[in-house]
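Please consider the protein model shown here.

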Amino acid sequence: MLKALPFSDNSDFDDASRGFLGTIENAKIVSASGRVVWSLEPYGFLAAEQAPPTVNPSLWRQSRLNMNHGLFEVVPGVYQVRGLDIANMTLIEGDTGVIVLDTLTSIEGARAAMELYYKHRGKRPVAAVIFSHTHTDHWGGARGVLDADALASGSVPIIAPNLFMEHAVSENIIAGPAMLRRAQYQFGPFLAKGPRGQVDNGLGKSMAAGSVALLRPTDLIMATGDKRTIDGVEFEFQMAPNSEAPAEMHFFVARYKLLNLAENCTHNFHNLLPFRGADVRDALAWSKYLGEALRMWGGRADAMCGQHHWPVWGKERIDTMIRQQRDLYKFAHDQTIRLMNHGLTASEIAETIRLPASLEGAWHARGYYGHIRHNVKAIYQKYLGWYDANPANLDSLPPAESGKKYVEYMGGADAILARAEKDFAKGEFRFVAQALSHLVFAEPDRQAARAMLADTFEQLGYAAESSTWRNAYLFGAQELRQGMPGTPPRPPMPRETLAALRTGQLWDVLGVRLNGPRAEGKHIVLNWNFTDTSETFALTLENCALTYAEGVQADNADASFTLERGTLDEVIARQTSFPEAMGSGKIKTSGNPMRLAELIGLLDEFPRMFEIVEPKRTAVR
């Protein structure tokens, strides 16, 4: 890696520190209760320029670049807070106030970022908040930017791309429990920080802790070419849906000759399918949006800043980076499809494909967050799905059952361990991991197998250039050695987030919690009338499925409930219960309200943790 890549090129280090105005010591942010929600102090080991043998030197370089933190001037009038979160906050000064683009992950982080900006630029009112896209690290801290008076008056516009609310919640709510557990492998929050542990996440250091709340936009950007004049500053927008996020947008500010491509043109090859899970992102559309941005604004921007990493200055450098990023996603897409149409499967494509030299040597095209080897599998999945057309893989046994047969066919556990030890010594870690995983799923309490598989994962993690691969391997090793980390029970969904959901989305969330086998033979019909939103619903359980009809009331309902929508939010947030709300008069009922209790009794509570690198210890039915 040291020989293959241009480590003598230090322009990224110059750019990452350019315009520095000031910071918070160690970027440390503490909540009102004293909880540290963000700090770069544990990453002090990255001060060393040379990578240790346990970290890929390319990833070490990116990890050091992501240590820059504080308030930076992009151009006079445009500033960024970087390194106080995995994402950036961009602050664009208008005639009288400041326009805030993306509010970081947490309320505490956003508040600290605003205070840092005010310290160096003076206090000025927030003229608008813009959400570039739907991922939590770009909107979760909005209440740290807008105070209660601004929210109550509605005087500050909140601008976002079309369909922002639908995607901001749907991408994280329905499958949220599984995504959050899988995200532990992607981001490595339970790994120790250090040369043998978590060093970075490619886009930034880590995910922030702290309080999160979703605010509903008041103004949606609907089409490419839409413009808004905010506090005297004109923004021209470009829509980029189904790229890095389902709803995302770019913009150009002529006053400052500033281009912002949100999270679609960052200093790494992004994820087309993150390990936490998501809909597969459209690499072809992604490439086309970057091409369209070049046609709209090429040669016009003096500075380009994104919502992760550091800016780029100079028209030629900006246009070159956009072209290379455009072609990175186009190459990955087209060559995957080419090889797919030659009959190669996803794993065969990953083994075959190589980036062209012009992209291979571009630092911003390296796979620190996404990676060519797993992004091509995502593209394959988008077009052809999970099945590779080989009937042997059509109805395979689950891991525990197949593991037992593999162990039997391979001559037993001792034979597997003996062969694995020899291949480990030869550095054949990928196959050793496959073989030993079968053994662990067959005999999860065999400590020798767990230990050797952990050692193997560790070696794969140390070699990985991708931060997410490293985190996944090292956290897998840790869980094999120590078991799953202890965590507190899953907290209820925040009231603010619930308030932002449509009522139909709440019923969808309840639907995926219904335990089908336990609902066998049940038939329940409940009418709902929300007085504050003028909504009516008929909720029906039959055939082990929970469905709803909007705008109707069922004649055969077992019970009817009249209430404010906010009361339902309070119940789901566990601020009250249905019996308490009925007793206080907040919910009026007719019919048999115990049918609601019966329905609630059929809903699963999802665990915060479940096994990943070993078989499930508790059967799920």
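The paragraphs below treat these regions in turn, after a note on conventions.

This is a predicted model, in which local features need pLDDT of at least 70 and side-chain atom pairs count only at pLDDT 80 or more, while totals for chains, interfaces and linings use all residues. Residues are numbered from 1 along each chain as its sequence is written, and side-chain values use heavy atoms, with hydrogens and water left out.

Five of the five residues of β5 are buried, so the strand is largely enclosed by the rest of the structure. Here buried means under 20% relative accessible area, exposed means over 50%, and partly exposed lies in between (1.4 Å probe, protein chains only). In a regular strand the side chains alternate between the two faces of the sheet. In β5, Val78, Gln80 and Arg82 point one way and Tyr79 and Val81 the other way, and all are buried.

Strand β4 (residues 70–75) runs antiparallel to β5 and is joined to it by five bridges; Gly70 has Arg82 as its bridge partner in β5. Two residues separate the strands in the hairpin of β4 and β5, and Gly77 takes a positive phi near 105° in that hairpin. Four bridges join β5 to strand β6 (residues 89–93), again in an antiparallel arrangement, and Leu91 in β6 is the bridge partner of Tyr79. The hairpin of β5 and β6 has six residues between the strands, and Gly83 in its turn has a positive phi of about 80°.

Positive phi values also occur at residues other than glycine. Most residues other than glycine have a negative phi. Asp102, although not a glycine, has a positive phi of about 70°. Asp102 is placed in the loop between β7 (98–101) and α3, and it counts as buried because its relative accessibility is 0%.

The loop between α3 (107–121) and β8 (126–130) contains Arg124. The side chain of Arg124 reaches the backbone oxygen of Arg121 at 3.4 Å. Leaving aside neighbours within four places in sequence, Arg124 is in contact (heavy atoms within 4.5 Å) with Glu93, Thr96, Gly97, Val98, Tyr117 and Tyr118.

His371 occupies the loop between α10 (357–360) and α11 (372–384). At 14% relative accessibility, His371 counts as buried. Not counting residues up to four places away in sequence, His371 touches Phe269, Glu465, Ser466 and Trp469.

Why is helix α19 (residues 565–572) described as largely enclosed by the rest of the structure? Seven of its eight residues are buried, so the rest of the structure largely encloses it. The buried residues are Arg565, Gly566, Thr567, Leu568, Asp569, Glu570 and Val571. They pack against α17 (495–500), α18 (503–513), β17 (524–530), β20 (559–563) and α20 (578–583). Arg574, in the loop between α19 and α20, has a positive phi of about 60° although it is not a glycine.

Phe606 counts as partly exposed because its relative accessibility is 33%.

Notes. Polar contact = N/O pair within 3.5 Å; in protein donor to acceptor, adjacent residues only side chain to side chain. Pairing = 2+ DSSP bridges.
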